[in-house]
Amino acid sequence: MEILGWIGSVLLAFCGLPQAIESWKTKSSAGLTWGLLAMWFAGEIFTFIYILPKMDLPLLFNYTANIIFLAIIIYFKLCPKK
């Protein structure tokens, strides 16, 4: 069961990677709404805080990776380059 947790966490963690790469390449996250980004960010942070004391490594990996990718996306939403 542990391996299933890791596989699921890795797959979910990297769902944000393609958008982070696209935002990095285009230097913009113009196609994403603030509603999506705000709810995604709040969900990631609140869930990370919830699982932190449990030290569930697959989930901690998942949420840490998502927060990093989301930070890149939000950065280019706030500071698009022309």
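## Aromatic pairs, core and surface patch

A search of the whole structure turns up five aromatic pairs. Please keep in mind that this is a predicted model. Let us begin with a pair formed by tryptophan 6 and phenylalanine 61, which is tilted, with 6.0 Å from centre to centre and 50° between the planes. This pair links distant parts of the chain: tryptophan 6 belongs to helix H1 (residues 2–13) and phenylalanine 61 to helix H4 (residues 57–78), 55 residues apart. Tryptophan 6 has 30% relative accessibility and so counts as partly exposed; phenylalanine 61, at 31%, counts as partly exposed too.

Another pair joins tyrosine 75 and phenylalanine 76. Their ring centres are 5.0 Å apart and their planes meet at 80°, so this pair is edge-to-face. Tyrosine 75 is partly exposed because its relative accessibility is 39%, whereas phenylalanine 76 is buried because its value is 4%. There is also one aromatic cluster, made up of Trp6, Phe14, Phe61 and Phe69.

Here are the residues with their accessibility side by side.

| Residue | Relative accessibility | Class |
|---|---|---|
| Tryptophan 6 | 30% | partly exposed |
| Phenylalanine 61 | 31% | partly exposed |
| Tyrosine 75 | 39% | partly exposed |
| Phenylalanine 76 | 4% | buried |
| Serine 23 | 0% | buried |
| Leucine 4 | 54% | exposed |

Beyond residues up to four places away in sequence, serine 23 touches Ser28, Ser29, Ile73 and Phe76. Serine 23 sits in helix H2 (residues 17–26) and, at 0% relative accessibility, counts as buried.

Next comes the interior. In soluble globular proteins, nonpolar side chains tend to be buried together. Here the largest nonpolar core has nine residues: Ala13, Ala20, Leu32, Leu37, Ala65, Phe69, Leu70, Ile73 and Ile74. Helix H4 gives the most to this core, with five residues. Leucine 32 is one of the core residues; leaving aside residues up to four places away in sequence, leucine 32 touches Gln19, Leu37, Ile73 and Lys77.

The surface has a nonpolar feature as well. Met1, Ile3, Leu4, Trp6, Ile7, Val10, Leu11, Phe14, Leu52, Met55, Leu57 and Phe61 form a nonpolar patch with about 1200 Å² of accessible area together. H1 and H4 each supply at least two residues of the patch, and H1 gives the most, with six residues. Leucine 4 lies in helix H1 and counts as exposed because its relative accessibility is 54%. The tilted pair of tryptophan 6 and phenylalanine 61 has both its residues in this patch.

How values were computed: Residues are numbered from 1 along each chain as its sequence is written. This is a predicted model: local features need pLDDT of at least 70, side-chain atom pairs count only at pLDDT 80 or more; totals for chains, interfaces and linings use all residues. Side-chain values use heavy atoms; hydrogens and water are left out. Rings of Phe, Tyr and Trp (its six-membered ring) pair if their centres lie within 6.5 Å; planes under 30 degrees apart count as stacked, over 60 as edge-to-face and the rest as tilted. Helices (H or I, at least four residues) and strands (E, at least two) are DSSP runs, numbered from the N terminus. Buried means under 20% relative accessible area, exposed over 50%, partly exposed in between (1.4 Å probe, protein chains only). Contact means heavy atoms within 4.5 Å. A nonpolar core is a set of buried Ala, Val, Leu, Ile, Met, Phe, Trp, Tyr and Cys residues joined through side-chain atoms within 4.5 Å. Patches are made of residues with over 30% relative accessible area and no salt bridge: like charges are joined within 9 Å, nonpolar side chains (Val, Leu, Ile, Met, Phe, Trp, Tyr) within 5 Å. Accessible areas come from the Shrake-Rupley method with a 1.4 Å probe; for residues, only the protein chains shown count as cover. A salt bridge is a side-chain nitrogen of Lys or Arg within 4 Å of a carboxyl oxygen of Asp or Glu.
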